[in-house]
Structures are given as C-alpha cells and as structure tokens.
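Trainee: I am new to this one. Can we go through the terms and test each against its definition?

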Protein chains: 2
Amino acid sequence: MAEEVKLLGLWASPFSCRVELVLKLKGIQYQYIEVDLFNKSPLLLKSNPVHKKIPVLIHNGKPIAESHVILEYIDETWKNNPILPENPYDRAIARFWAKFIDEKIVQTASKFRSANEEEKEQILEELGEQLKVIEKELEGKEFFGGESIGYVDIVAFLLVYWFQVGQEVMQKEWINEEKFPVLCKWMGKLHEIDVFNQCLPPKDKHYAYIRAQIEAAKSASK
Amino acid sequence: MAEEVKLLGLWASPFSCRVELVLKLKGIQYQYIEVDLFNKSPLLLKSNPVHKKIPVLIHNGKPIAESHVILEYIDETWKNNPILPENPYDRAIARFWAKFIDEKIVQTASKFRSANEEEKEQILEELGEQLKVIEKELEGKEFFGGESIGYVDIVAFLLVYWFQVGQEVMQKEWINEEKFPVLCKWMGKLHEIDVFNQCLPPKDKHYAYIRAQIEAAKSASK
C-alpha cells in the first residue's frame, strides 16, 4: 500500500512546524493541509475530537494528535534519520528536555499575550531564567543530544526562532549573543541547514502576523 | 554488574506510586527512598536539579526525572511485561491518553486546593467532563489498551483512586457507578489485582493526610 501522510497544521504555529521539520528530515512525502482555527473543518474535528487543535498527522487514514506524540510516532514508524537516540537513558534525557521546553518555557510564554506591561517584564525575566537552564544544558556540546541533531534541537530551535521574531517585532532585545552565547551559536549552526530554514514561515508574513497579534491584545485590554 | 535501582518518592504522591506500580509489575527489585519535600536531601537536589521534585529513578547511579519519562525508560530498559504496546500507532494512542490525563485532568484537579467554594464546584464539574472523556474512551474495552493492562490503566487508576479517597474524606459523591459505570467497573477489576493494591498508601494514613491538607487550605484562605 502506498503511504498516505497528511498533516493538518497552521503556518504560524511552531508546533506544526516541528512536525514538518521532522517529516522533511526523514524525507517523508506528505500533504500539508492548512487549518482555519476560526472555522474548524470536519476533518480536524473528526481527527482530533478531544482537543480540536493542530497539529494532527493522518497516516493511512489514522489520526494522531499532540506534537510530541506525533514526533515519537514518526520516529518509530520511519526509522531512517532517527531523532531520538537508541540508548534508553539518552532517550529519557531527550524526552526530559523536550518536556521542559513545552511545559515550562511554552507555558511561561503563553501568558505573555494577555499580560500587562509590568507582568510582561516579569514573564520575560522568567523566560530568560528558563532559557539559561537550556543554555547551560547545551554548553560544551555541538547539539542537545551530542554530535548530531535530534529531538530537543528540533523542538528548541523553532521556539527560540519564534522568540527572536517576537523580540524583533517588539523591538526588545532579551535574547542576544551576550546573554545567550551558546544558544545563539547553536541557532546559527541550525540556520545553516536548508531544511531548518524551509520550515520557517515567510519573514514578512510572520512579522505582520505577530504585529497584528500584539495590536489585537492591546485592543482587548483597553 | 548488579542492577541498582533507587526510587526517590513520596508515599502520598500518585506520581511516585505509578512508578512503583510499574517496577512491581515488571518484578524489578528497587530501594525506595522517601523524600522530605520540606527539607530536600542533597540526593534529590543532585538528581533532579531542574525541578527538585519527585519521583526520580536512579538506575546504576544515573538519575531520571518526570514520571512519564521514567515509565518509558523502565519499559525500554526492562522489556518483560511491557506497559506500552508494540505497534507505533497503539503506542501513540496510549501516549495521547496519558498526556490527556496529566495535562488536562491533573491540571484541573491541581486548582482545587486553593479554590473557594464556588470555584470548587466549577472544578468538580470540569473534572467530571474530563472523566467522561476517558469513560467514553474505555467503553466497550476491558482495559484502555484493549485486553491487557497498560500505560494508561496505570496512570488513570492511581488518579481515579486519589479522587475517590478525596471525595470520601470530603463526603462528596461525584464519581459513582451511576455517573461513571465504565470507570467504576474497570476500577473494580484493577482492585482485584494484588500489585495494584500494594502500591496504594495505607487507608487511614491517606485519609488523615487529605483531611490535614483540607484543613491547611482552609486556614490559608482565612
């Protein structure tokens, strides 16, 4: 049977971009379906009835939701270019950091949009401390998993990139080479890899989107 | 080399109990070390410097934190009596539900302690809706994974048990056979298995602990 792989995603979501990145790294052919979150399609509602969110991978008709679950599924199904190491301890460490990124850093960042100016400063400080933790973890290593690109690199790259776009739009500079030399050097290395850049949204569109989000948050708080 | 397995845990935590349950199901010998969260030991701080929380599994000197990460590590290291199915799609489904339980149900429940009476009613309602989702998932099946006990059964059993103890102490009845016939029947089946009961705290001590927690929350809100 020919493999049929569909990805329900959103161009502006680092969570669907991380799935795209892994599909591309493994050379898996897939059909990308952009979802309208304001008008959810029957396919999305049927494929992820519990959360009704993207990303959803549909492999030969079977849907899988939640980006970490999808990444593990892809890695177990297509074994070439593994993103998780083979050794159970190294796998546990990768899962620990991926979880830290999503449950700590993403959670902190998600409070930003609805925060007032004072809270925003606190959130940026907290995010800085959390990024310091991953900066320290990366120290002395080429990539998070050691010498080759893996799970944590993929998850962290997209998030740090999103933060960098955000800070440029807001004309703030809280991630820079002075504060995060290790992370910035590692980001530079990943930007040299074509497939990493191919998964990023077009810059102008991305900037305009974030600007619109900021304006919408300002209007909502008035 | 002889295997050395240590578990840093807390008797009243369903998260360390889930690790104990899997260690026992697989017949792994381990040393249990009770942690004092008010006076964290150098071993805990060294083993989980990021979160400083239990459970932590230390296998041959190497620490692993976060209960889901630990469960996957145990399953990959000791392959007898697997808790995750072999097929990648079934594994993804098990991970999806384990994630739902911890990220939705546990998160909702964690707001209970500091809530006022009105909020508590809302939280119980929300928890009821979330439990309905897993009740529906279990319908028509012996266990979450199908015919044998697996990952989701372990994670869900301990949580539902904790809720049941909580409701008895508070003399509320929001989980019962009328509202949750499928979950209650499944809980009954798991209670027939010795190892599941062996992982539960002594009833009197558990009741007294929850009573003390409720009193402490009441005093704090005065």
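Mentor: Start with B:Lys172, at 29% relative accessibility. This is a predicted model, where local features need pLDDT of at least 70, side-chain atom pairs count only at pLDDT 80 or more, and totals for chains, interfaces and linings use all residues. Residues are numbered from 1 along each chain as written, chains are lettered from A and ligands numbered from 1 in written order, and side-chain values use heavy atoms, without hydrogens and water.

Trainee: Why is B:Lys172 called partly exposed?

Mentor: Buried means under 20% relative accessible area, exposed over 50%, and partly exposed in between (1.4 Å probe, protein chains only). B:Lys172 has 29%, so the residue counts as partly exposed. B:Glu121, at 41%, is partly exposed too.

Trainee: What makes B:Lys172 and B:Glu121 a salt bridge?

Mentor: A salt bridge needs a side-chain nitrogen of Lys or Arg within 4 Å of a carboxyl oxygen of Asp or Glu. The closest N and O atoms of B:Lys172 and B:Glu121 are 2.9 Å apart. The pair links distant parts of the chain, 51 residues apart: B:Lys172 lies in the loop between α6 (151–169) and α7 (181–191) of chain B, and B:Glu121 in helix α5. Helices are DSSP runs (H or I, at least four residues), as are strands (E, at least two), numbered from the N terminus.

Trainee: How do you know that B:Lys111 and B:Glu126 meet in a salt bridge?

Mentor: Their N to O distance is 3.8 Å. The limit is 4 Å, so the pair qualifies. B:Lys111 is in the loop between α4 and α5 (117–138) of chain B, and B:Glu126 is in helix α5, 15 residues apart.

Trainee: Why is B:Glu72 called buried?

Mentor: B:Glu72 has 5% relative accessibility, so this residue counts as buried. B:Glu72 sits in helix α3 (residues 67–77) of chain B. The side chain of B:Glu72 forms a salt bridge with B:Arg95 at 2.6 Å, N to O. B:Arg95 is buried as well.

Trainee: What joins B:Glu72 and A:Arg95?

Mentor: A polar contact of 3.4 Å between their side chains. The term means a pair of N or O atoms within 3.5 Å; within protein, one must be able to donate a hydrogen and the other to accept it, and residues adjacent in sequence count only if both atoms are side-chain atoms. Both residues also belong to a network of salt bridges, whose members include A:Glu72 and B:Arg91.

Trainee: How many salt bridges does the structure hold over all chains?

Mentor: The count is 22.
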